Amino acid sequence: MRTLRFLLRKEFLQIRRDPAIMRMLVAMPLVQLLLLGNAATFQIRSSRMYVVDEDNSPASRGLVTRLAASGRFEIADASPSMALANRALLHRDVSSIVHVPPRFERDLVRDGVVPVQLVFNAEDGAAAGILRTYATRIIAAYAAELTDEMHPSLASATGAPVRGAARIDARARGWFNPELNYQAYMVPGILVLLVTMVATALGSMNIVREKELGTLEQLNVTPVTRAEFIASKLIPFWVIGLAVLAFGLTIARLAFAIPMRGSLALVFLAAAVYLLVALGIGLWISTIVETQQQAMFVTFAINMVYMLMSGLFTPILSMPVWAQWIAQLSPVKHFIVLMRAVLVKGAGFSAVLVPLAVLAVYAAVVLTLAVRQYSKRTA
Amino acid sequence: MSAMRGFVVKEFHHILRDRQTLLILLLLPLAQVLLFGFALRTDIEGVRLVVVDPRPDASTLELRSRFAAGGLFRIVGVEATPAALAPRFQAGRADQAVVFEPGFGEKLAHEGRAQVMIITDATDPNTGSAMQAYASAVVQRYEQEIAARGGRQGVRIVPEARMRFNPTLESVNLFVPGLIALVLTIVSALMSAISLSREKERGTLEVLLVSPLRPWEIIAGKVLPYLALGFANVLTVLGAAWFVFRVPFRGSVLLLLGESLLFIVTCLSLGVVIAAVTSSQRTAMIGALMGLMMPTTVLGGMIFPIASMPAWLQPVTNVVPGKWFILISRGIMLKGVGLAELWQETLILAVMMAVLLVAAVKAFRIRLG
């Protein structure tokens, strides 16, 4: 224990003497949390639309008015020429085109069914998908409005628009996040990723740095045991990691008003276990590689898996089965699930037992591997 | 100039001698583009659905079978009361629930209206709203079916949506250009940042600084070998995009290669600047990795549309080099446009490159003084 205390003192001194890295460790996650927490949404407030109205009737103008009035579409330009509209789309002057065919109103009255063409710039497919949902919804509402006007007999007793005789009243409820607030979802996840990145990078660069500088050999000839050595490398960054997380959660609460329905003690208990995993993986890398350069590229590769396959940016459900397995293996995924469950859904200890147990097993395995891998003999 | 040549040769030797690292540098970008190119998808299937049906009848069974058909939904449980839902959702064993009111079929037949509630786990608002839309569409189609049976239908405006440049919204076409930009940014910046900061840490940079080489020559000598390596990476990842993912290359391949070259020089210069302002390899690498990975992913427009960001944040995305390369590569690959349409993006990248190179040279002059 005494040895460990001295080793820890050395590590903390080393960290204190490199103020640049401390500044970076605190400032970067926080600045990024503030910026990225605002960026990660899939709701488009306003986008530019080109109108090609070949009918120019009250009905077609009504349709365009509804689109503009929704606030989702800003009518950037209008002309009867589809060629001009396509040009604007190609140059990214507009992101969508609405094309009302000639005789729109006449067909609407005569046949009751009429097509409207919507063209989106699917170069940015996510945006195109969102805009299509908005436009489809607005057009359906307009059709219902017209039904009311033209066939009052079909209107229900309450005056609500109906599509047919029998009406199924489908009510949608989004549980845990009824306003579909993206920040409640993204901010905890981004915070976890940032803390993980810091932890993995610090861990992986640490031992190999002493290897490169030659100071590891000096430590190897001392009576320090392997476990003590790994513990001395682990504990300082573990403390820093928890501090960054606490700081990040405060920002998440103050700047983004993230709900905190469950117990914060539970979050930190899980974080304490989780950081052992993240740092342990970093330290394990550090014992395997020969140079800091290699350590960095391995860290980069692992962090890319963490970032892109933990279900934060694209749903795990959509991934091919083998990728879902990789996602299941990622400790980040389990911690994000746990954080979200506790903060957003208010889950208690028993509800998050599974991810917590998974993290504990990971921590045990990874730390054992790191201690085993670290050999006091240099080859 | 011969000093310069000798320096470049030395750098090449450095790279070629460390076979292990060289292999990592050549294979890592390709491996990542392949891995994530397959893994990143946004289409949803296999939604775990719980049905709450207090009094099953012909109509509820019919609507349930509509949900079960099509493969989008997987019914994982049928309950009699909504009380059973909360624990299932909290433990993450269900994504969505359809709750019928008691006597659903009877009410539908006699009163002409019946209620069904669709509960979605909206913790992930994106998946949540998509699932909500899919489930509502199933109910709506069923409703229209009943209406058609009764022969009473109102006015319908049928929107025909065309997805120009990517008609099927192929996930691969959306993610692969972004992935290429992300991987090239980080690998290029890390490579040059490491090579410089290592010399700094080992003290060999001092030797270089007192040599007759001028700062810009040192930087050029550092960047050139990695430019070759970076370009090899461009060829492998674009090859993967073409042969493996079948991303269309509608525009000029030559232009795309030229733009890629411009882009990697920009990122390499960024790495040099990072190395110049940091004092150790560790700081440089953590700075490069942390400073570039999440911002390029989130602010570059690879996953989240820039149009969906708040107005104050949208100009901030302009400093992300990856954003411009994504616009360029999507433009060439998917839209088939040329320099006539992409000159602005190209110019911005070129200006970025110039600024970064000047900053890098300046940062080294300061150290000399």
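Contact here means heavy atoms within 4.5 Å, and the legends that follow use the word in that sense for a predicted model.

**Figure 1. Ile157(B) and its partners in chain A.** Leaving aside neighbours within four places in sequence, Ile157(B) is in contact with Phe104(A), Leu108(A), Val114(A) and Val116(A), and also with Ile139(A), Tyr142(A), Ala143(A) and Leu146(A). Ile157(B) is also named, together with Ile180(B), Phe300(A), Met307(A), Leu308(A) and Phe313(A), among the residues with the most contacts inside the largest nonpolar core.

**Figure 2. The largest nonpolar core and another core apart from it.** The largest nonpolar core has 231 residues, and its members with the most contacts inside it include Phe300(A) and Ile180(B). Helix α7 of chain A, which covers residues 182-213, gives the largest share of this core, with 18 residues. In soluble globular proteins, nonpolar side chains tend to be buried together.

**Figure 3. Asn303(A) in helix α11.** Asn303(A) belongs to helix α11 of chain A, which runs over residues 292-309. Because buried means under 20% relative accessible area, Asn303(A), at 2% relative accessibility, counts as buried. Not counting residues up to four places away in sequence, Asn303(A) touches Thr196(A), Met197(A) and Thr200(A) in chain A, and Leu289(B) and Met293(B) in chain B.

**Figure 4. Two loop residues of chain A with positive phi.** Most residues other than glycine have a negative phi. Asn56(A), although it is not a glycine, has a positive phi of about 50°, and this residue lies in the loop between β1 (47-53) and α3 (58-69) of chain A. Ala257(A) likewise has a positive phi of about 50° without being a glycine, and its place is the loop between α9 (226-256) and α10 (264-288) of chain A. With a relative accessible area of 52%, Ala257(A) is exposed, since exposed means over 50%.

**Figure 5. Chain A as the setting of the views.** Chain A has 14 helices and five strands. The radius of gyration of chain A is 29 Å, well over the 21 Å that the globule rule gives for 379 residues, so chain A is more spread out than a compact globule. Taken along the principal axes, the box filled by the C-alpha atoms of chain A is roughly 95 × 45 × 40 Å. Of the 379 residues in chain A, 56% are buried, while the chain exposes about 15400 Å², with carbon and sulfur atoms supplying 62% of it. In chain A, the mean positions of the 35 positive and 23 negative charges are 14 Å apart.

**Figure 6. Chain B as the setting of the views.** In chain B the secondary structure comes to 13 helices and five strands. Chain B has a radius of gyration of 28 Å, well over the 21 Å given by the globule rule for 369 residues, so chain B is more spread out than a compact globule. Among contacts in chain B between residues at least 6 apart in sequence, 77% join residues at least 24 apart. Buried residues account for 59% of the 369 residues of chain B, and of its accessible surface of about 14400 Å², 63% belongs to carbon and sulfur atoms. The mean positions of the 34 positive and 25 negative charges of chain B are 9 Å apart.

Note on methods: Residues are numbered from 1 along each chain as its sequence is written. Chains are lettered from A and ligands numbered from 1 in the order in which they are written. This is a predicted model: local features need pLDDT of at least 70, side-chain atom pairs count only at pLDDT 80 or more; totals for chains, interfaces and linings use all residues. Side-chain values use heavy atoms; hydrogens and water are left out. Helices (H or I, at least four residues) and strands (E, at least two) are DSSP runs, numbered from the N terminus. Buried means under 20% relative accessible area, exposed over 50%, partly exposed in between (1.4 Å probe, protein chains only). The radius of gyration is taken over C-alpha atoms; the globule rule is 2.2 Å times the number of residues to the power 0.38. Accessible areas come from the Shrake-Rupley method with a 1.4 Å probe; for residues, only the protein chains shown count as cover. Lys and Arg count as positive and Asp and Glu as negative; His and the chain ends are not counted. The place of a charge is taken as NZ of Lys, CZ of Arg, CG of Asp or CD of Glu. A nonpolar core is a set of buried Ala, Val, Leu, Ile, Met, Phe, Trp, Tyr and Cys residues joined through side-chain atoms within 4.5 Å.
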